[in-house]
Amino acid sequence: MPTLEEQVRHDASSLYQFVSSITQHCDSKNPAAAYLSSSERFFKYIIELGQATKAYVKDFPGGRTQPPQFLDLRDDIATLRGSWQFLHLFVKPALDSDTLHLPTSLIQGLIERFREIPDYADTDFAIYHTDLFNYLNVQLNVFKTIADETAALVKGPKFPEKLALIGIPYSQSSSLFMNCLIPHEMGHHVFGDKGLGAKFRPVVEKELQQLFGATLTTLDRSAITNLLVRWAEELFCDVFAVRMVGFCYSFAFIELFDVSKALDETGKLTRSAGMTDFDEYPPHLFRLQQQVAILRKDKWWDELTKVDAHYVNLLEEVDLMKEADFNLSNFGSIETTKVKAAFLKVVPLIFSELDAVSAGLESGLEEWKSVCEKIESYLEHGIVPSNLLEKRGELKFHVPSLVPLLNSSYKFYVQLLDRLLNHIDHADVSDIKCRSDWATKVQMWTAKAIEDGNVLRTKGTS
Amino acid sequence: MAVLSKHDINERRKLPVTEPQSLVITPILDENVFDEDSLDLRLGTYFLLPQIPPQPFVDPTSPGTSSQSYLRLHTPLGAYFVLPAHQTVLGATLEYIKLPFDISGQILTKSSVARMFMVIETAPWIHPLYRGCLTLEIANVSNTAIVLYPGMTIGQLVLFNTSVAEEPAKLSGTYVGPVYPEAPMLRQPGEVLYGIGLEKYRHPLYGWINEKNMARQVNAEMAKLGDAEKSNVKAVIRILQENGALPADNPASRLFSK
């Protein structure tokens with residue numbers, strides 16, 4: 001059997017190879033691919049941390065001669081390998097997410113929009129593909145903790161400040177409308193950054209104490225508290241997203257989760273089974289109800305109810321639901337009415353925290369009201385709505401912002417796609433492929449308008 | 001057929017898109033792109049790079065050729081794209097254009113670009129009512145590689161009045177509303193050649209083909225068979241297809257897939 005020193009040398013060499021293979025991917029990425037600056041920051045960090053890790057293990061076992069010292073080194077190697085196994089999960093998906101395989105203009109627009117919140121004026125988001133169906137935000141505190149612990153051990157760089165990671169389903173990488181869900185993930189970043197979990201937790205604990213007294217076991221109390229804080233986080237992220245981008249978030253939510261199946265043939269909400277139960281997450285219909293609340297608060301609602309579309313019909317139906325319409329499941333013998341009551345006490349707090357973190361963020365409603373019809377008219381005629389003629393006979397144009405563009409375009413897709421198809425020879429409004437093809441075009445034109453707008457606004461001219 | 005002046009172009013740009021005479025060119029990043037009788041167009045950010053095909057030739061009418069023959073690339077504004085000597089690439093204009101029903105257009109290589117021995121367009125005519133970013137067939141005919149920056153002015157758009165009297169009821173055309181360069185979408189030779197009265201055509205791999213005659217005869221023979229026999233024939237065809245003896249682009253394969 002090799003000596004302990006030889007074993008340590010072997011293990012260090014193995015780790016060295018593993019880290020090299022990861023950093024090599026970042027170093028020798030496809031030269032034809034382009035990346036968002038945030039992704040480049042992420043790759044640069046991985047390379048630097050990798051270099052520091054390799055430098056740290058390069059001389060193992062160094063001057064150490066005693067078996068306990070060798071065993072300490074082995075622990076270090078195991079710790080580093082565990083950390084790099086975690087970091088490894090994100091490198092390839094981030095490399096796959098070059099600007100060709102992302103809705104790049106939308107992401108740039110959303111990041112700019114996010115930065116309108118004063119506290120986040122310099123925050124960046126690196127986007128990576130995930131094979132999961134759901135969009136997801138990397139728990140940055142977990143990522144940062146692991147990266148920073150690794151950095152501390154190997155004397156490497158700390159994870160960049162103000163950089164967050166968001167995963168989008170690879171299948172949605174070219175869809176504009178579905179990616180209106182990204183602001184929800186940005187909400188998770190805010191939730192973690194502002195420590196809202198820690199703010200909500202004592203409120204939940206207090207409510208549970210008042211409602212249950214000493215009847216809950218410590219284990220149950222802890223589990224329910226964690227669950228309610230998680231529900232609060234999801235709700236916060238929903239209402240944050242609506243505040244950030246308007247009703248297009250709710251439309252994307254309905255579309256992704258197929259929530260409109262809750263409507264019957266008369267447009268009434270009678271097929272909602274499975275969408276009213278609080279479980280791991282709050283139920284879809286409850287989440288939509290809270291989105292309606294924020295749409296009303298932000299004055300979108302009165303405008304939205306004028307829209308003749310089944311998504312709006314669904315939102316109106318959801319708005320009529322009562323607390324009693326929502327249930328809790330999988331709670332065993334615990335009184336679920338009390339759990340629900342405790343959670344409902346937290347909901348107002350979610351809204352007040354939203355107001356606090358998004359103070360200074362203009363909704364975009366007024367601009368939307370002034371340009372929506374015009375954007376729809378451009379789309380109806382197959383034209384990219386990046387430069388809207390302000391007045392007939394005058395060479396003055398308006399460059400619409402992200403929020404009016406997204407909401408007008410999504411509304412057009414849901415409500416008025418037939419108008420576009422009616423202009424196209426051989427287009428059949430009842431043909432699913434035809435509708436899908438032209439819906440894709442509407443998204444392409446909108447993405448192009450966002451891209452043009454990003455450039456036009458930078459230049460300050462139209 | 002008169003060339004539109006800068007004034008004429010701008011008068012058209014002042015019309016709402018709902019009016020059939022309206023002209024849209026977006027984005028106009030710099031008013032200096034206008035000349036008295038033309039305006040400069042910029043290079044867009046997406047490219048289709050021709051790839052070496054698996055066969056010794058490219059048959060543009062073969063199904064799937066478009067997607068297999070090009071590598072799609074994105075070069076954001078600020079980055080560059082290198083076009084090697086004697087190489088070609090499909091690009092697109094940064095500007096999205098909507099022509100009125102009574103205006104045609106032509107895109108020309110900008111003289112400064114042409115003097116670098118680069119050609120940007122070999123199908124320069126733009127029909128009335130066209131809308132989309134213009135696909136550019138960019139060829140570097142020089143002996144050195146050339147660096148291309150998306151956003152650089154690369155072509156000139158010249159617009160002409162035509163005598164078309166009224167707007168057609170609907171938009172038509174193979175390429176409507178593209179914002180990326182588009183690969184060719186040619187019709188099958190059978191569709192085109194039968195239309196001008198030819199009975200058969202010669203395929204580069206399969207020789208002389210008469211699809212109509214083949215379909216007629218096969219259908220007649222199949223009609224004589226019972227369900228079980230038809231099922232056996234289909235099974236044989238499936239075996240041939242799955243084992244590469246009857247490729248998807250073979251006209252017989254198309255016949256049986258129907």
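Helices (H or I, at least four residues) and strands (E, at least two) are taken here as DSSP runs, numbered from the N terminus, and the expected span of a helix is 1.5 Å times one less than its number of residues. The structure is a predicted model, in which local features need pLDDT of at least 70 and side-chain atom pairs count only at pLDDT 80 or more, while totals for chains, interfaces and linings use all residues. Residues are numbered from 1 along each chain as its sequence is written, and chains are lettered from A and ligands numbered from 1 in the order in which they are written.

Burial is judged by counting neighbours: a residue is buried if 20 or more other C-beta atoms lie within 10 Å of its own, exposed if 12 or fewer, and partly exposed in between, with C-beta atoms placed from the backbone. By this count the buried residues of α7(A) are A:L196, A:F200, A:V204, A:E207 and A:L208. They cover an arc of only 100° around the axis, which puts them on the same side of α7(A); the arc is that of the directions from the helix axis to the C-beta atoms. The face turned away from this buried side carries the exposed residues A:A198, A:P202, A:K206 and A:Q210. Contact between two residues requires that their C-beta atoms, placed from the backbone, lie within 7 Å. The cover over the buried residues of α7(A) includes α6 (182-193), α8 (218-245) and α13 (336-357) of chain A. Just after the helix, A:G213 takes a positive phi of about 60°.

Helix α9 of chain A (residues 248-256) is mostly covered, with seven of its nine residues buried. These are A:C248, A:Y249, A:S250, A:F251, A:A252, A:F253 and A:I254. The buried residues of α9(A) pack against α6, α8, α10, α12 (310-319) and α15 (402-415) of chain A. After α9(A) comes A:D258, whose phi is positive, near 55°.

Some further backbone details deserve a look. Most residues other than glycine have a negative phi, and most peptide bonds are trans. In chain A, phi of A:K299 is near 70°, a positive value in a residue other than glycine. A:K299 lies in the loop between α10 (284-297) and α11 (301-304), and is partly exposed, with 13 other C-beta atoms within 10 Å. In chain B, B:H86 has a positive phi of about 60° although it is not a glycine. The loop between β5 (81-83) and β6 of chain B holds B:H86, which counts as partly exposed with 13 C-beta neighbours inside 10 Å. As for cis peptide bonds, one runs from A:F60 to A:P61, with omega near 0°; A:P61 is placed in the loop between α2 (37-58) and α3 (67-96) of chain A. Another joins B:T26 and B:P27, with omega about 0°, and B:P27 lies in the loop between β1 and β2 of chain B.

Chain B also contains an open sheet of four strands in the order β2-β12-β7-β9, with antiparallel pairing. β2 (39-42) and β9 (125-126) stand at the edges, each with a single partner strand, so one side of each is left without a neighbour in the sheet. Two strands count as paired if DSSP finds at least two bridges between them. Strands β7 (residues 103-109) and β12 (residues 153-161) of chain B pair in the antiparallel sense over seven bridges, and B:S104 has B:F160 as its bridge partner in β12(B).

The two chains meet through 27 residues of chain B in contact with 28 residues of chain A. On the chain B side, α1 (6-13), β1 (24-26), β4 (70-74) and β6 (88-98) each supply at least two residues, and β4(B) gives the most, with three residues. This side divides into 14 nonpolar, seven polar and six charged residues, where Ala, Val, Leu, Ile, Met, Phe, Trp, Tyr, Cys and Pro count as nonpolar, Asp, Glu, Lys and Arg as charged, and the others, Gly among them, as polar.

Within chain B, the domain assignment gives domain 1 (6-161) and domain 2 (189-257), with bounds that come from an automatic or database domain assignment. The C-alpha centres of these domains of chain B lie 40 Å apart. Five residues of domain 1 are in contact with four residues of domain 2.
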